[in-house]
Each structure stands twice: as C-alpha cells, then as structure tokens.
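Subject: Structure handover and notes

Dear colleague,

I am passing the structure below on to you, together with my notes on what was found in it. Please read the notes with the coordinates open beside them.

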4 protein chains.
Amino acid sequence: MKKLIDGLQQFQTGYFSSHRQLFEELSHGQHPRILFITCSDSRVDPNLITQAEVGELFVIRNAGNIIPPFGAANGGEGAAIEYAIAALDIKQVIVCGHSHCGAMKGLLNLSSLEDTMPLVSNWLKHAEATRQVMRDNYGNLEGEELLEVTVAENVLTQLENLQTYPIIRSRLHQRNLTLHGWVYHIESGEVLEYDAVSHDFIALQSEIRTPEPEYNFHPTCPVSSSKSFPVPPASQSKGNHRQSVPIQTPLKNGGLASRN
Amino acid sequence: MKKLIDGLQQFQTGYFSSHRQLFEELSHGQHPRILFITCSDSRVDPNLITQAEVGELFVIRNAGNIIPPFGAANGGEGAAIEYAIAALDIKQVIVCGHSHCGAMKGLLNLSSLEDTMPLVSNWLKHAEATRQVMRDNYGNLEGEELLEVTVAENVLTQLENLQTYPIIRSRLHQRNLTLHGWVYHIESGEVLEYDAVSHDFIALQSEIRTPEPEYNFHPTCPVSSSKSFPVPPASQSKGNHRQSVPIQTPLKNGGLASRN
Amino acid sequence: MKKLIDGLQQFQTGYFSSHRQLFEELSHGQHPRILFITCSDSRVDPNLITQAEVGELFVIRNAGNIIPPFGAANGGEGAAIEYAIAALDIKQVIVCGHSHCGAMKGLLNLSSLEDTMPLVSNWLKHAEATRQVMRDNYGNLEGEELLEVTVAENVLTQLENLQTYPIIRSRLHQRNLTLHGWVYHIESGEVLEYDAVSHDFIALQSEIRTPEPEYNFHPTCPVSSSKSFPVPPASQSKGNHRQSVPIQTPLKNGGLASRN
Amino acid sequence: MKKLIDGLQQFQTGYFSSHRQLFEELSHGQHPRILFITCSDSRVDPNLITQAEVGELFVIRNAGNIIPPFGAANGGEGAAIEYAIAALDIKQVIVCGHSHCGAMKGLLNLSSLEDTMPLVSNWLKHAEATRQVMRDNYGNLEGEELLEVTVAENVLTQLENLQTYPIIRSRLHQRNLTLHGWVYHIESGEVLEYDAVSHDFIALQSEIRTPEPEYNFHPTCPVSSSKSFPVPPASQSKGNHRQSVPIQTPLKNGGLASRN
C-alpha cells in the first residue's frame, strides 16, 4: 500500500501538475471517443498501449473481455455499453483480448472450475460459443497455440454478442458506429486487429484497409470497399476452404507470422 | 372440433393413403434439410408456402419468430436450434417473418401490453433491438408502412440473435451453415429474402445472387462473390447513404416496389 | 434451396391463385379457432394432418411439444399461449405428441445429452415429470413400447403444465376453454386423443364422449361428473378401442395390463 | 482511429522498448497485488493516478464502480472478484469512486433513465442503498455537494456489497484481505480514502492509521478495537483533515455539520 500512496503523490506532483488544465477541463465533462472493452488482467493497460490521454477511453474491464448477449446477464456490461453510446455518443468500440489470458485458459478447462471458482465458471458460459468453435474446429491445436487462437476467436464471439444490444443494432443500422476486434500480445507489445476482408487478424497500421465508417462488422452491411483488395475468387475459395479461412493459418504460426 | 376430426379422417383416406410409403420411410427417421423459424400466426403455413413435403422442414414457431440471444431465455428455442443443427445436421436456417404480424404490432405498442399480456410483453424484450432500430431510424413511418418495416427489421434482429448460439457460431465458422431472412406477405403470397449484398429484401428467385455456401450472414465472412454484382463504389456509397441503405426505401413503398 | 424457391413459385401460381380471396380476407386479421402445440419434428405437419385451412391453427412448435410450467421459463411458449387466448380468444388447445419423437428419446437418455446438447438437456427438464412417471411406473417397458408410452405420458405432463398459466386457469374456471391431448402416429396417419373418462388415449371419432365445454380436464383426475353422461362402461370402452388404438396409456390398470 | 494507431506505434517504440524485460517476464504470468475496482469513466486512469506499473493492478471497470451483492447479478463482476482472490491470491481490494461521476448523477435522477437508458437504470438498482442513504439523510444537499457525497456514500455501499461474496467473507475472516474505499478528485488529482476510525474520507498519506491487515473493515461499523491503536481524538483528526480534504462525508455528525 505504501508504494501506491507514494505513487499517488508522485502523480500529483508530476503528471497532474503538468496537465492541470486538462484535468480542469475534464472536470466539466468527459468526451471519450472510444469504448474500450478489455480484460481485468493486470498486464493490460489500455491507456498505456494506445498512449491515449486521460479522457479518451471509456473502459469496461472484466475477466476475459466478455460481453454477455443482450438479456443474458444483468451485470455492468450492458449498462456501460448503453451509457457509452447513448449518453456519450461514442462511435467506436474496441474489444481487446490479450495473449496468455487466464480467463481463456479457464475456458479451455471449464470443468475444473466448477467447484473451485463457480462464479468464473458461470461467467465463462457467455464465451461458450468460443469454446464450441475451438472444440469443433481446432482439435489439432495444443498448448500456447491453442490458447492464442482461443483468445482471437473469443474476440469474434464477443463482437457477435455485442450486436444483440438494441443501441448497437440501431447505431450500426445508421452506419454510425464501428466495431473492432483487437488482440494485444504482451510479449511483443503488438496489437493485431480483426480484418473482415481477409477474415484474419492483421497488424494494425496507420494505413487501414477499410476506410471508416465503411469498416463495419454489421453482417447486413457488406464491406463495400472490398474491391480495393486482392480477394481470392469465390470459386477458388469454394474449392479450398482452408485458404479462405485464414484465421486458422496465421494464428497457428503464433499470430504474428503475417506481420510485415 | 368436429371439423378437425373430419379433417383427420380426410387426411387418412386421402393424402396419407396416397403417400403411405413416404410415411413408412419417415417412421424410421427424419432428415429435414431446413430449420424453419416462423410465427405462430395461423395465416402462416410453412409447408404450404414452400410446398415442402412432410419431412423436409424442422419448424420452430412462436409469437413473432423471435430467437432470444443465447443465454437470455430458457425456453424451447435454443433447444430446438441445437437439436436441428447438432443432431439433425441441418445446414440451412430460415427466419421467416410475415406481414400483419400481431407480435410486431405489440412491439410497437409495448407499454399497452404490460398489464394485459405480461408474458407477451416480457417475451417481446427479445425484440428490443428491433424496437430501438425503428424508434431511432424510422420516425417518419406510420401505420401499415411502419409495421412492414418493423417485420423486416425484426427478421434481421433475430438473425443477429441466432449468431450468438455456440453451435451456430461453430458451423458458420466452418462455412457449413447458411442463414436466411424471409418476409412472407399474406396478401400477395410472395416471399422476400434479405440480400446481404444490397442490404435489402428482394424477391426470391430461382436465380439467387449469392451462390451457396458463399451466401453467409456471418459478419466475419465477407460476401466473397460480391464482384459478380454491380456494387456501387465505396465513395458513392459514402456520399449518399440513402442509396446504400436500400432497406429504408423499398419497404417504404410497400416492400414490393423492387420486385420485377 | 432451389427446391424451396420452386415450391414458393408453385404455391403462388397454384394454391394462392385459387384461394386469393381467402388470403385477402386473412390479411385483415386472423381468427384461428385452435391453439395447436406440437413438436418441431419435420414429419409433423399440423395443417396437413387436420386438413385445416390457412388461418385456422395458431401453432407453437418446439422440440418435444413441451410447455414449461408458468414461471419456469422465459421462452416463447408462455407468450404465444397468452396471445392465443387473451388476444385471439381461442377456446381450444391441443397438445399433440407424435410417435418416434427424438426429444422423448432424448428424455429416456438424458445423461448422454448433457455434454453434447446442453440446451436440449436443459429444456427436457420441463418434461422431468414424464421421466419420473416412466421410471416409477413403467420399469418393465423397453424399446419402441417404452418410447410410445413416454410420448403419451408426456402429452399429459404438458397438459398439466399448461394449467399453471394464469390465463388458462381463468378460462378453465369460466368453462370457456378445453384442453386436448393428442398423439399422432407417423406410420399409420392416425391420431389418438386422451379421454378423461377412461383415462386412456382413444381413436378420435366424430362422436366424442365428453360434451364441450367440459370443465376440469385435469388429466390425472378422471372427470368426477362422469355419471351425468351416458358413458359406456370401462370394460366395454376398452373392448371398443383396443382394435383401433395401437398405443394406450392404460394408467388405471397399472401400466401394460390391457395392452394386447 | 489514426491517433490510436499512432499511439500503439509510439508505445512500441517508446515504453515497450525500454521495458522489454518487464513485458517478457509478465508474459509468463501476472502477479498483481491489488484488485482495483473503478468506473468506466474516461477521466479515471488507475495506473496513471497510482503510478502503478503494468502487472500491478487487476482492474474491474463498469459504470459507477458498482459491485452487485452476491447472487444479485450474473455479470462479470463476481467472476473477476473470484478470480482475483481465489486464483491470483490478491490481498487488497480498492473500490475507487470519482468526482463528477455520470453514473451517480444518473442515480440521483433515476426515473429519467427508465425510458432512455433502461440497462443503466436497471444496473443502478445495485446502488439503491446509496440512493436511500442520500434520500433519508442528506435531504438538505443540492447540486455539486449532493453529487460529491453520493459518490462517497456509494463507495461505502459497494464495500458492503463486496463483503457478501463467499471468497471475500472467508478471506476477511482469515484476516488475509483488506478492503479500501477511495474517492478520486479529477480537478485536484487528490485521492481520499475511507477511514474506519473516524468514519470519514481522509487524505491518503504514507502514514496510514490502521495497520494492515485490519480486520472488520465493515464501513458502517467504526472499528471497535480502536482503543488498541493510538488514534488521535476525533476533533483533532477533523481539524487536521479539513484543510486537505475538500469533500467529507461526516456521517458521524449527521451530515454536513462539520463542513466548513
């Protein structure tokens, strides 16, 4: 505790003093641009990894960056989503998973949690779709590799779940909201973003491939800018499904293989 | 009741007698190809409108063809979905709304139901996303027109909800399942299907625009065959959102305007 | 899908064209006389087996034609029941089970479903009373015979469950509603109806034995006022029905005694 | 989005590069010392205000830093608490409210939220105890002052709620866990901590008054063993703190009496 208290004093004499005006302005209201949903894990610091300033990220954190489908839970997730979008008018949502996620490890060993951590076990049912995708489709994976892909697939599951919320449905309908799936790698400091065009997680670059607000996960909105990219022809994709589901490949190689 | 009993006898001496072998075969097992989710409404008869034979459609019917998001309800919907896909290996799901839907009328007058029909009122919360889309985006609509668009938007909401089910997520991941949104018009006998490319409901024709199994609502799977169609360029779509959100337009005109 | 689309066109040019006026009338409102609750099974087509016209049957379909007791679930069943009776003023409810029911097979092997189909397993808990009746009273049955009786007993369980709904209770109290238990046999095309007087399932005939509106349909309590009606003696009734009734649930006689 | 992506790159070339070894170590496991529960508000950055390093704080964030009582919700809060304490063996929990909290503003105008933000409205029921404390005891407060005290009282409510969790109860019983209530002031950068001895929020100082592990943190019950410690007399303590403590919740004195 002493260390924390020293830290508080250091914050006051350091960062706070040099940003006094910012904090003064913020005391009159917040205007964050992004709803950042990530894990409670101590190794993930949203403001640090994005270098976002105080006031920029509205943050939801729980074990496993999980968003229960609308109506499936009455915890804080739905309320924070609603507040972020309806009250704060946020237009970008990021679901950020991370490597070595303990919640995802738990998901892969769910039965062992029932007795020892019943609340965690129950909570992870909102990631059951992730578990089934893994069980049905990635039976050959093990260890670190299995965990990495689970983390990535879970981000996609939670993006699906997000889209059942009324306020999300409505804003996506208006093309007034974009959803983003991220995976942060603790050991490399890198962030990969889900790319709907290639159906893969790719390195986040300044030059993003789908201009906003066209970049839209909403299943009813086809990615209209697809022609800018070399998409494999449908016939080829039909003939060889392995190529058209690239998420299996790059993540197998450690998730980073496709970085430049 | 007498009429029903006469009907049963008529069925036995008529249809059953002439299809005895079919029923004998079916008694050994069902192999339906389609999971058909529609409203309890007496005016909707799935086998009649599709002219499907006995044994072809596995059917879920409730008020409003609603599928609560995974975990949000413990009624029969989830179980029937799971059974249809996991046990019967069905590869096509159709959510079929219909014109003049009483459940959707109820949704547009939700407050009036709380006292008189509490179970209906509670059930319609699983269509809350539909209600919000309508409230936020179609404020100018009234009467029949409002109801028609509500029916269509609700089909899309339920397609979103469907995608939170583990077995659905997994089969979509494998590209081994397709989801379809239909609206049946009682007065014309027509069926419109949601078309992800144009983001509109269009007349169902033999010549469908997106070949299966490429036709896939899964938001993480871009419609790969999009180049076969004249998709408006991204810039134009950006500049004029009205053109790129055609669902607002054709349904305004009665839902059938775009038929050939 | 092509077959379905052809069917839709065939429906339009055929049945719809020749019944245009009926559909036009129906577009102004539905007035079904019967709430028909049956299984999602593709081999059961309510309108076909009853030869009911479009507009006559308000239909609930789920796996196992199960109606959870009031308050036990928040799925679509309660809402559809409420809507059927409170809004549409329907006065007859039919719960229709069927031979070779996969859900009932599942009920007889519940433990095997927990892992593979958790939603089905959970759903079947609303038929737990059926399971216990079978376990406690029909220990000597096996195979097809066991399944047949389970199907019939489950119809009775669901009739009990139905009677826990406020609107059902109230309308029964007013003698303004009748409940019927049916079993449809796929291989013979026959329908048996539960008969409260003999406490047995008997062939449905025009000459029904209990004049409507019968009150107190309570399936496990033989109608106490049976004296008031010219009811044939039990033995005679048994003798009459045995030939035309392939399955019975001869509960009065303690199980199978009366089976031929 | 561009700004965020620039931030990610800046993080990699800057902080990450200079702390590469720390991140490498963290990739093998997290060992945070503190469970930090705070609001989603973009103006609150836990690592910044405590100057804690990556890996030190396990963080739960939702609207209003609310922890529903055990069993009252099935959201992510309980699971994250359980994981933090049972799996990570964390021994200190901080609930940190903050000035100008939008969720607390909402709590003070709850009725206005029912229609516009139903999920927020529902979520705030877990802070109903805060609302009642305010209504019953602080009727004379208004505006900013009312909001400030609400924020502080809500921290105490949530500390109560925390203590309903089995794992929390058990660890407190073992004197193996301490709970702390904080209020962070955006405009001054200061943090006040709830002090059980004076039943007041006081400036956090290196010289803390109750040696850890203090048992019985029960916020509404002044520590009865206070005699054992050299506690300065209440009046003196008040005098000391008044200058450095812009907000107080001088509950002992019945509300506002001691405010200057």
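The notes below go from the chain arrangement to the annotated site, and then to some individual helices and strands.

Please keep in mind throughout that this is a predicted model.

Arrangement of the chains

For the contact between chain C and chain B, 73 residues come from chain C and 73 residues from chain B. On the side of chain C that touches chain B, the elements that each supply at least two residues include helix 2 (20-26), strand 2 (57-62) and helix 4 (76-87), while the largest share, 11 residues, comes from helix 1 of chain C. By residue class, that side of chain C divides into 35 nonpolar, 25 polar and 13 charged residues.

The annotated site in chain A

An unreviewed UniProt entry lists A:Cys39, A:Asp41, A:His98 and A:Cys101 under "binding site". Although these residues span 63 residues in sequence, no two of their C-alpha atoms are more than 8.8 Å apart, so they gather at one spot.

Two of the listed residues can be described further. A:Cys39 is found in strand 1 (residues 34-39) of chain A and is buried, with 26 other C-beta atoms within 10 Å. Leaving aside its neighbours within four places in sequence, A:Cys39 has contacts that include A:Arg61, A:Asn65, A:His98 and A:Cys101. A:Cys101, by contrast, is found in the loop between strand 3 (92-98) and helix 5 (102-108) of chain A, and A:Cys101 is also buried, with 25 other C-beta atoms within 10 Å. With the neighbours within four places in sequence again left aside, A:Cys101 is in contact with A:Cys39, A:Asp41, A:Gly64 and A:Val151.

Enclosed helices

Seven of the 10 residues of helix 8 (residues 128-137) of chain A are buried, so this helix is largely enclosed by the rest of the structure. The buried residues, among them A:Glu128, A:Arg131 and A:Met134, pack against helix 5 and helix 9 (143-162) of chain A together with helix 10 (166-173) of chain B.

In chain B, helix 9 (residues 143-162) has 20 residues and reaches 29 Å from its first C-alpha to its last, close to the 28 Å expected at 1.5 Å a residue. Since 16 of those 20 residues are buried, helix 9 of chain B is likewise largely enclosed by the rest of the structure.

Strand 5 of chain A and its partners

Strand 5 (residues 191-195) of chain A is mostly covered, with five of its five residues buried; A:Val191, A:Glu193 and A:Asp195 point one way, and A:Leu192 and A:Tyr194 the other way. Strand 4 (residues 178-184) of chain A runs antiparallel to strand 5 of chain A and is joined to it by three bridges, with A:Glu193 as the bridge partner of A:Trp182. These two strands form a hairpin with six residues between them, and A:Gly189 in the turn has a positive phi of about 75°.

Strand 5 of chain A also pairs with strand 6 (residues 200-203) of chain A, in the antiparallel sense over four bridges, and here A:Asp195 stands opposite A:Asp200. This second hairpin has four residues between its strands, and A:His199 in the turn has a positive phi of about 50°.

Best regards

Notes:
Residues are numbered from 1 along each chain as its sequence is written. Chains are lettered from A and ligands numbered from 1 in the order in which they are written. This is a predicted model: local features need pLDDT of at least 70, side-chain atom pairs count only at pLDDT 80 or more; totals for chains, interfaces and linings use all residues. Two residues are in contact if their C-beta atoms, placed from the backbone, lie within 7 Å. Ala, Val, Leu, Ile, Met, Phe, Trp, Tyr, Cys and Pro count as nonpolar, Asp, Glu, Lys and Arg as charged, and the others, Gly among them, as polar. UniProt positions are given in the numbering used here, feature names are shortened, and annotations may be inferred rather than shown by experiment. A residue is buried if 20 or more other C-beta atoms lie within 10 Å of its own, exposed if 12 or fewer, and partly exposed in between; C-beta atoms are placed from the backbone. The expected span of a helix is 1.5 Å times one less than its number of residues. Two strands pair if DSSP finds at least two bridges between them.
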